[in-house]
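Keep the 3D view open as you read.

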Amino acid sequence: MALLEVRDLHTSFFTDAGEVKAVNGVSFDLDRGKVLGIVGESGSGKSVTVYSIMQILAPAGRIVSGSIKLDGQELVGAGEKVMRDIRGNKISIIFQDPMTSLNPTYTIGHQLMEAILLHTDRNKEQAWERAVEMLTLVNVNEPEKRMKQYPHEFSGGMRQRVMIAMALACEPDILIADEPTTALDVTIQAQILELMQKLQHELGMAIIMITHDLGVVAQMCDEIVVMYAGSYCERGTADEIFYDPKHEYTKGLLRSIPTMGTMGQKLQPITGTPIDLLNLPKGCPFAPRCDGAMKVCIRTAPDSMDITKTHKASCWVNVERMMRDLSVDALHKAKKAGVSTEDAVELAAAVEQSAMRGSVLEAEVKIARTEEKLAEPRRKAAEEAQDYIDASRDRDLLGDAALYSSRDRVTGINNDRNGKRNSKRGGDK
């Protein structure tokens, strides 16, 4: 069982202008000790997804439907008392801007100790020692002195280290990092990422990394969820997403980043702007910006298709390609099996319907089952053919025997005739 299971999560914000469907049917699993990356453009629903998990949404926000299970415990509808025990203790979060996350009127030490005293049974002296220990762990110099300082006395990188220390103070099972390096320069960003990887290995916690930086995802994540317009368009392992992307949006994201092979060339950005979540289209939300969009993309939203056990994508272009490949494969196998043209076309249509429903595996099973059905008639036909051959062989043997018998009789008659002639000739002499 996964540490965190999110199933068909829907979260909306109810405003005067209408319902903003910020998260639409997001599903994923997070195993212990793994790093899950959630990527997408601004406004794609990345942060709202994790805020829904921790249930720290704005007053206008509400989880409409879906399931969120932490180690088997259902969190949707669990109540504020249960969530207060989980936040900071079992799930912690590092926010995007540490300056707005830290209270400027309290010292760093006070804010670190507050979380420790709230979620553990330590006294003030022990909480102080634990806070100093955590600052040391995240490489903050002179931790005892820093405990008495205020947030404005720290640099951006140091404030983010304090936020990491605060998030890890109670040794949570899951650490959520909501774009933790966005406001930092490249050098400090590398240090923070290196620190998070080091702590993740030492403490064995799971991490959800939210970012729009694919370089960060490639460096840290085991699995990736690609989000667009509040729903996931593709998810899979890091290798599957980077080396075998199946959604046109994912391909667009990968084309828009510089690589060694594109040096000196103009980058290819994704044209257009994200859709209005107040007025979601009937079809695929990415269709207006997709170079490979078809009519079906405008009319109907695609379901998730199983590419492999770990790789899923929601894209009609991908479905069409799979349908074509499976239909050709089915026709080829049917032809090889000696099926009539009419039956072969019917099989191909059945495979296409299975692929249209989003299951490549179902289509492949249909082909396999059809082969099994075809195997029985082929077996019977082979037996009948063998019986015919055996019968023909028997008839040939009987014919040969009759031929040999007739030949022997003819030979005997000829011998008798020759003997009589010889005898007559001897008598004449």
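Of the 93 residues in the largest nonpolar core, the ones touching the most other members are L4, I164, I174, I176, M196 and I208. A nonpolar core here is a set of buried Ala, Val, Leu, Ile, Met, Phe, Trp, Tyr and Cys residues joined through side-chain atoms within 4.5 Å. Buried means under 20% relative accessible area, exposed over 50%, and partly exposed in between (1.4 Å probe, protein chains only). Helix 7 (residues 156-168) gives this core its largest share, seven residues. Helices (H or I, at least four residues) and strands (E, at least two) are DSSP runs, numbered from the N terminus.

This is a predicted model, in which local features need pLDDT of at least 70 and side-chain atom pairs count only at pLDDT 80 or more, while totals for chains, interfaces and linings use all residues. Residues are numbered from 1 along each chain as its sequence is written, and side-chain values use heavy atoms, with hydrogens and water left out.

Now pick out I176. Leaving aside neighbours within four places in sequence, I176 is in contact (heavy atoms within 4.5 Å) with V50, M54, I91, S92, I93, I94, I208 and I210.

Next comes an open sheet of four strands, in the order 2-1-4-5 with antiparallel pairing. Two strands pair if DSSP finds at least two bridges between them. Strand 2 (18-30) and strand 5 (73-74) each have a single partner strand, so one side of each is left without a neighbour in the sheet.

Where does S67 sit? S67 is in strand 4, and it is buried, with a relative accessible area of 18%. Setting aside residues up to four places away in sequence, S67 touches E5, V6, R7, E74 and V76. With E74, the side chain of S67 makes a polar contact of 2.7 Å; such a contact is a pair of N or O atoms within 3.5 Å, where within protein one must be able to donate a hydrogen and the other to accept it, and residues adjacent in sequence count only if both atoms are side-chain atoms.

Finally, the cysteines. The structure holds zero disulfides, a disulfide being a pair of cysteine sulfur atoms within 2.5 Å. For C284, the nearest cysteine sulfur is that of C297, 6.1 Å away. C284 is buried, at 12% relative accessible area.
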